[in-house]
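Work through these exercises with the structure open beside you. Take each solution one step at a time.

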Amino acid sequence: MLTAPPPQTPSATAPPPEQPPLPAGYTILALETSCDETAAALVRDGRVIVANVVASQMDAHRRYGGIVPEVASRQHILSLTPVLEEALAALPGGWDDVHAVAATYGPGLSGALLTGLNAAKAMAWQRGVPFIGVNHLEGHIYANWLNPSADQPLLPAPQFPAVALVVSGGHTLLVLMRGHGEYQLLGQTRDDAVGEAFDKVARILGLGYPGGPAIQQIAADVQQSAPLPRAWLRDTYDFSFSGLKTAVLHKVQEVQKQHQRIDSRSRRGRRTAASEPLPLPPTEAEPPATAPEPLAAQYVAQMAHAFQESVVDVLVAKTVDAAQHFGAVEILLAGGVAANTRLRSELERRAQLPVRFPPIWLCTDNAAMIAAAAYYRFDAGRQPDWSLDVRPNLPLR
Ligand code: KG4
Ligand code: ZN
């Protein structure tokens, strides 16, 4: 039986209330509100998903072409209760079957993080169960520990040492894990995160938000495209994607200028019948841009393909190199961009060791991954004080 919480109100320095040991195979309720998904999940024994509910705010942000922090916080407030109720409905005993509560406390948008963290702390306190704060990036990595189906036997857990490539809308990290909760940062992006680059390039190409799935989809029909540059940053495991994004922007601007020149010439031609030579036809290095406003579909597809190839090439090369160098026995792919099928297949093709990635619905933000990470944190005795605050720039360690 769980004990009732102590009667006094929590002070900023108070230790967590005395709690009995948790039963074997205990269930964690986790909340995730770091960005634009309001999510609640129940996970048993750190690996078995009992419920996984995600309310996407995509529609609320789409018209702005990106995430608006104020809108995100308000949407979390609106969605949290229904999402939580839907998750808890999966437990026959309801709250009595919840043995600990976890929430993401960073990195992310501070207002958004506050909604989930405060709700989780209040619920844990009120129920007299442990509260566990989780790093969002750690959550993405631990999605690899989740069994995708509760009906199937447990898959073998990932083995250490492992190299994890975390690629999301806000982060791009290459991490060495020698054990649970042991992270050695090998490299990270020096400018844009990969997902951010996908989103920005999609915007340049007029593909809408979120950009990753849109670029992947339109690039799928292209066999070959003129290569775009790759930022190798030799002798480091760091990444850079803003130059690539700018290269796409400049190419698109050149093509648009070319259109304008052709348009104004043909208008002048109609007026004066002048016979100026038309610009040279596009070369192989420059994908054709023949259709009118705003950009030719074929050109957009080729640009999307070239961009994706450039990103995937660098990510895969560095990850495979790091795995070899540090003697990893597995590669773990994590984060929203891990949903990219080209990245998955290329990593599997070029790596000499097993590559693991979560199913697509566990790659993007969800709370099941937070519960999985919370389980291993709690197991290692890493439970925070009740005063835990949000950390928008929380590093992985
Ligand atoms: O991990 P996530 O859901 O949120 C963050 O923590 O940032 O990642 C969202 C990012 C977005 O930038 C989105 O464009 C990207 O993941 N993404 C993809 C794909 N699906 C989502 N990027 C490339 N290919 C995809 N299939
Ligand atoms: Zn994420």
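**Exercise 1.** Which pocket is the space taken by ligand 1? Then describe the surroundings of ligand 1.

Solution. Keep in mind that this is a predicted model.
- Step 1: The space taken by ligand 1 is the largest pocket.
- Step 2: Look at the neighbours. Ligand 1 is surrounded by 19 residues. The closest are Gly-169, Asp-199, Gln-216, Gly-336 and Asn-340.
- Step 3: Turn to the polar atoms. One polar backbone atom of Gly-169 lies 2.7 Å from an oxygen atom of ligand 1. For Gly-212, a polar backbone atom is 3.0 Å from an oxygen atom of the ligand. The side chain of Gln-216 has an N or O atom 2.8 Å from a nitrogen atom of ligand 1.
- Step 4: Check the cover. Ligand 1 taken alone exposes 550 Å², and the protein buries 89% of that.

**Exercise 2.** Why is the pair of Phe-239 and Phe-241 stacked?

Solution.
- Step 1: The structure holds twelve aromatic pairs. In Phe-239 and Phe-241, the ring centres are 6.1 Å apart and the planes meet at 10 degrees.
- Step 2: Planes under 30 degrees apart count as stacked, so this pair is stacked.

**Exercise 3.** Is Phe-239 buried or exposed? What sits over its ring?

Solution.
- Step 1: Buried means under 20% relative accessible area. Phe-239 has 0%, so Phe-239 is buried. Phe-241 has 2% and also counts as buried.
- Step 2: The charged end of Lys-318 sits over the ring of Phe-239, 5.9 Å from the ring centre.

**Exercise 4.** Which residues form one aromatic cluster?

Solution. The cluster consists of Tyr-26, Tyr-142, Trp-145, Phe-160, Tyr-375, Tyr-376 and Phe-378.

Note on methods: Residues are numbered from 1 along each chain as its sequence is written. Chains are lettered from A and ligands numbered from 1 in the order in which they are written. This is a predicted model: local features need pLDDT of at least 70, side-chain atom pairs count only at pLDDT 80 or more; totals for chains, interfaces and linings use all residues. Side-chain values use heavy atoms; hydrogens and water are left out. Rings of Phe, Tyr and Trp (its six-membered ring) pair if their centres lie within 6.5 Å; planes under 30 degrees apart count as stacked, over 60 as edge-to-face and the rest as tilted. Buried means under 20% relative accessible area, exposed over 50%, partly exposed in between (1.4 Å probe, protein chains only). A charge sits over a ring if NZ of Lys or CZ of Arg is within 6 Å of the ring centre and within 35 degrees of the ring normal. A residue is near a molecule or strand if one of its heavy atoms lies within 4 Å of it. A polar contact is a pair of N or O atoms within 3.5 Å; within protein, one must be able to donate a hydrogen and the other to accept it, and residues adjacent in sequence count only if both atoms are side-chain atoms. Accessible areas come from the Shrake-Rupley method with a 1.4 Å probe; for residues, only the protein chains shown count as cover. On a 1 Å grid over the protein atoms alone, a cavity is a set of points where a 1.4 Å probe fits but cannot get out, and a pocket is an open set with protein on both sides within 12 Å along at least five of seven lines; lining residues have an atom within 4 Å of a point. A molecule sits in a cavity or pocket if more than half of its atoms lie within 2 Å of its grid points.
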